[in-house]
Amino acid sequence: MLNIALFGPPGAGKGTLSEYLLQHYNLFYISTGDLLRRELAKNSRLGQLARDIIASGGLVSDEIIVQIIENTITEHPDADGFLFDGFPRTYIQSYILDGLMIKMNSALHCLVNMEVPAEVSVQRLLLRGQTSGRSDDNEIVIRNRLREYSDKTLPVLGYYRDRGIVRDINGNQPIESVREEVVAIIEAELSKRLFNIVLFGYPGSGRGSQGRRLAEEFGLEYVSTGDMLEQEIASASTLGTKIRNLYESGGLVTDDIVVPLIEKKLAQSTTAKGFIFKGFPRTLVQSYILDGLLRKYGSSVNLILDIEVPVLELVHRLDARSKTERCMPYDSSTAKIVKRLQEHEQKTVPVIEKYQQQHGVSKIDGRGSFDEVFAKLAEQVRTARKRMR
Ligand code: AMP
């Protein structure tokens, strides 16, 4: 999620810039001015309360703002992020925004401060007034709005400067230059966000080899709990022996073994652009654990892929593998193979269904050549990445 606020005096160009940003980034737009004008048009209770204040160029009360904004935010939990225009407009509203973002398990990531001299604002708004039909675009009201801005709105900058998220730009230059500066800011923010994939599929579906290849192609860190456990076994440690016994009985390794291994991997991957998880989460409990682990990095799951292969084909593939040197301890007999497939069906399929309800899962047909399946997976990753932009 990427949340941005456009900040600046009336006439700074926030609305115009928003139109451009919304075409290029999948953000949900919240302009408190537009929301209020909608209430006025409906002549709702809130609209009636706000009408005179807006007409005089004053600021509507924080109580009214909370009411109109809360519904809008909470109705869009699936947005890739929010673009705020005209909010927060008072020091108090900064706290309100932070509270709302906490409810969404997120935060405001950057506040773009468009600096424009007062006289330029006045001239621009007078010009707009000739066509906007807005009752507040006349000189007396404009001057009052600018006064409100310097008295009540400017302190918001201090609030966010303390958090280090204010980005100043010159709003008094050609629109193309303003856009360029803002796009550079947003791209820099996006590159800081991790892109995380969970890759599902029955044992034998090819998720391991596909996962590694996807990680290479997209510069992600491949996190395979199976591989990490294998390394532990190979090190012949006490933990490794415990894991081997569990494997050989076809059972799942317990969470208190797996979670510290993942924590260590995430902590070590300081330059990763994101992660691709294979073999985790395998249970509902682990899906909550993964949310918690990623939250520590201000991040979440961005894409869930499920490679689908018919069961008979899976048994055939795993049996064939067991006759090569790639044979794993857990597919050395038919009984073990069947047990693993059953484990997946009983424990992991419900996790996929939960993700399906919450985020949507991209199902990929896993039949065909490695390259054919890879092309389909890669396409999904590209699309999901674009959605983040
Ligand atoms: P705008 O379209 O952002 O220029 O807003 C038009 C008018 O709506 C302002 O002059 C205020 O009266 C009111 N308004 C918009 N957003 C807010 C806000 N966040 N807090 C208080 N009043 C607001």
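Strand 6 (residues 195-201) and strand 9 run parallel in this predicted model, and 5 bridges join them. Within that pairing, L199 stands opposite L305 of strand 9. Strand 9 also pairs with strand 10 (residues 362-365), again in the parallel sense, over 4 bridges. Here D306 has K363 of strand 10 as its bridge partner. How many of the 6 residues of strand 9 are buried? The count is 5 for this strand, residues 303-308, so strand 9 is largely enclosed by the rest of the structure.

**Around the ligand**

Let us turn to the ligand. It is surrounded by 16 residues, and the closest are T32, R37, G58, G86 and Q93. By type, this shell divides into 6 nonpolar, 5 polar and 5 charged residues. Which element gives the most to the shell? That is helix 2 (residues 32-42), with 4 residues.

| Residue | Protein atom | Ligand atom | Distance |
|---|---|---|---|
| G86 | backbone N or O | nitrogen | 2.9 Å |
| R89 | side-chain N or O | oxygen | 3.1 Å |
| Q93 | polar side-chain atom | nitrogen | 2.9 Å |

On its own, the ligand has 480 Å² of accessible area, and the protein covers 95% of this.

**The largest nonpolar core**

The largest nonpolar core holds 33 residues. Those with the most contacts inside this core are L36, I73, F82, F84, L108, L111 and Y160. Several elements each supply at least two of the core residues: strand 1 (4-7), strand 3 (82-85), helix 2, helix 3 (45-56), helix 4 (62-74), helix 5 (91-103) and helix 8 (155-161). Helix 4 gives the most to this core, with 5 residues.

Is L97 buried or exposed? Its relative accessible area is 0%, so L97 is buried. For a sense of distance across the model, the C-alpha atoms of L97 and K339 are separated by 50 Å, and the two residues are 242 apart along the chain.

**Backbone details**

A few backbone features deserve a friendly second look, since most peptide bonds are trans and most residues other than glycine have a negative phi. Where does the chain depart from the trans form? P88 is in the loop between strand 3 and helix 5. Another cis peptide bond, also with omega at about 0 degrees, joins F280 and P281. This time the proline, P281, belongs to the loop between strand 8 (274-278) and helix 14 (284-295).

Positive phi values turn up as well. N43, a residue other than glycine, has phi near 55 degrees and lies in the loop between helix 2 and helix 3. With a relative accessible area of 41%, N43 is partly exposed. A236 is not a glycine either, yet its phi is positive at about 55 degrees. Its place is the loop between helix 11 (225-234) and helix 12 (238-248). A236 has a relative accessible area of 61%, so this residue is exposed.

How values were computed:
Residues numbered from 1 in each chain as written. Predicted model: local features only at pLDDT ≥ 70, side-chain atom pairs only at ≥ 80, totals over all residues. Heavy atoms only, no water. Near = heavy atom within 4 Å. Polar contact = N/O pair within 3.5 Å; in protein donor to acceptor, adjacent residues only side chain to side chain. Areas by Shrake-Rupley, 256 points an atom, 1.4 Å probe, with all protein chains shown as cover. Nonpolar A, V, L, I, M, F, W, Y, C, P; charged D, E, K, R; others polar. Buried < 20%, exposed > 50% of the residue type's maximum accessible area, 1.4 Å probe, protein only. Pairing = 2+ DSSP bridges. Core = buried A, V, L, I, M, F, W, Y, C linked by side-chain atoms within 4.5 Å.
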